[in-house]
Amino acid sequence: MTNALEIEGLTKTYGDGFQALKGIDLHVREGDFFALLGPNGAGKSTTLGIVCSLVNKTAGKVRVFGHDIDTNLADAKLNLGVVPQEFNFNQFEKVFDIVTTQAGYYGIPLGRASDSAEKYLKKLGLWDKRNTPARMLSGGMKRRLMIARALVHEPKLLILDEPTAGVDIELRRSMWTFLEEMNREGTTIILTTHYLEEAEALCRNIAIIDHGKILRHTSKRDLLQQLSVETFILDTEKELSGAPELEGVTCRINDEGALEVDVEKGQGLNTVFVQLEELGIKVVSMRTKANRLEELFIRMVAENAAEARKNMEGVA
Amino acid sequence: MRLDALWVAFYTIVLREIRRFTRIWPQTLLPPAVTMTLYFIIFGNLIGSRIGEMGGFNYMQFIVPGLIMMAVITNSYANVVSSFFSMKFQRSIEELLVSPVPNWVILAGYVTGGMARGLGIGVIVTVLSLAFTQLSIHSLPMVVVTVFLTSALFALGGFINAMLATKFDDISIVPTFVLTPLTYLGGVFYSIDLLPGFWQGVSMANPILYMVNGFRFGILGVSDVNPFVSLGMILVFIVVLAFIALRMLERGKGIRH
């Protein structure tokens, strides 16, 4: 299978001397749903900015579906759709005009552009707003407008930089469904997000970047297998006033009043249920806590920061 | 991109520009019409009737070509500088940067958009002037070529200004402190024959003098300078400014990090 995106030895040093990227390598397979994760200032947006031609690279190679951005930039761009972090459309233009104008920039004549704009505005629930100036849209609608605009030329690779930032949970879920559908239909998707639950729910492969370096680049499954502790949420028949003392596990009452139990990998849940039954606590349902990735992410970034501090001390 | 795709991208930019300045017509089309009408009434009719002839024509006839050219120059410049800088400011320029449109098509699209407004205003001012005087055209090709090239030149100037600008103040400095004085001193309201020898020499260093006089030659058949020298100068300026603008786009001056 070909790679949708290949990055080799990518570096970026800004004019003020700040080195945002320190030689990163990355590849994303065609058809993948890929997450690029990292704390603020890690280099995520710089990396994607270079891929999308919004940032000039200092060194390194970037290829989109085999098209090198140094030698074949136009073909690389034809395969790319970009949804940036900030709203970047003309607030005074109408929704329909914004989308069809973008299609025009890709050389799509108005007739075909109108059909494509209608298709994606309908899919994203914006068709009724097609004649509304963009400034009149809600935050969630503006985000969806940027997705429709990015898709109007039917790119094979869609890049989304924090697409659900500031979006309410209901809309976030509907955007997930839409993106999953796009991915099933063959569009390769790369996203950055601060919601690790989002990456865990959607993505198959993940890279974690921090201080301009890739810390991990692997599949979500491999990453999650590194977790030594798994957290389960148990809904009890009666609300508990406090966390029971259970042997061999730690537990607590979460914000929803449910019981959260941390279980060592391989330990199993049987002993937990036996102890709860002895205490007269009846469990009515159970689920895995979704943000397992968050624990790993925090641990990796903290380890990287500690290592950086150690190196600094060594230099001093 | 294929040629037909390039053409679509080009006219998309031009149509977007036309849509922009027609949407905000009270800011873009109306003010120059009002200002030029006042010039015609005050300078042409009221004061002009006491001035008498200039270059063999009554004063109103003499200033009409200059005023048309002044409107074309300021509007061609203003359209591109404000539109492109707004796109930078709102970051909607990124829509173009992520697309495969080549830099020369971006530049050509914006310049053509600026020309559409400049020339549109030129037509409006010309029609208004007919209410005050009669215009007979001495050389239509000269009129058309001069006004098109001048409009393109100042649209290019507006583009470079917008690329360099980092705040809204920066897009008004050049029009206020460079363009307006050069236009007023460029022979719009007088023939440089009226100036002492030294100031005539200084005036010859003003590029706008050549454009105004080239256009005036096309309409009235009189000029302070050789009209073909005027055309040559405009062409040289266009080539130089287009080269600078394209270099800036290539380097992403002010638009790419």
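This is a predicted model: local features need pLDDT of at least 70, side-chain atom pairs count only at pLDDT 80 or more; totals for chains, interfaces and linings use all residues.
Which residue of β5(A) stands opposite A:Val64? A:His67 does.

A:Val64 and A:His67 belong to the pairing of β4(A) with β5(A), which is antiparallel and runs over two bridges. The two strands form a hairpin with two residues between them. In that hairpin A:Phe65 takes a positive phi, near 50 degrees.

Now the sheet itself. It is an open sheet of four strands in chain A, and the order is β2-β1-β4-β5, with antiparallel pairing. The edges here are β2, residues 19-29, and β5, residues 67-68, of chain A. Each of them has a single partner strand, so one side of each is left without a neighbour in the sheet.

Next, the pairing of β1 with β4 in chain A. Strand β1 covers residues 3-13 and strand β4 covers residues 59-64, and five bridges join these antiparallel strands.

Domain 1 spans 3-220 and domain 2 spans 226-292. Taken over C-alpha atoms, the centres of these two domains of chain A are separated by 39 Å.

Now to the contact between the chains. Chain A gives 25 residues to the contact and chain B gives 21 residues. On the side of chain B that touches chain A, the elements giving two or more residues are α1 (3-23) and α5 (93-97) of chain B. The largest share of that side comes from α1(B), with six residues. By class, the chain B side has 10 nonpolar, six polar and five charged residues.

Last, one helix within chain B. Helix α6 of chain B, residues 103-129, has 27 residues. From its first C-alpha to its last, α6(B) reaches 39 Å, close to the 39 Å expected at 1.5 Å a residue. Why is α6(B) described as largely enclosed by the rest of the structure? Because 20 of its 27 residues are buried.

Terms used. Residues are numbered from 1 along each chain as its sequence is written. Chains are lettered from A and ligands numbered from 1 in the order in which they are written. The expected span of a helix is 1.5 Å times one less than its number of residues. A residue is buried if 20 or more other C-beta atoms lie within 10 Å of its own, exposed if 12 or fewer, and partly exposed in between; C-beta atoms are placed from the backbone. Two residues are in contact if their C-beta atoms, placed from the backbone, lie within 7 Å. Ala, Val, Leu, Ile, Met, Phe, Trp, Tyr, Cys and Pro count as nonpolar, Asp, Glu, Lys and Arg as charged, and the others, Gly among them, as polar. Domain bounds come from an automatic or database domain assignment. Two strands pair if DSSP finds at least two bridges between them.
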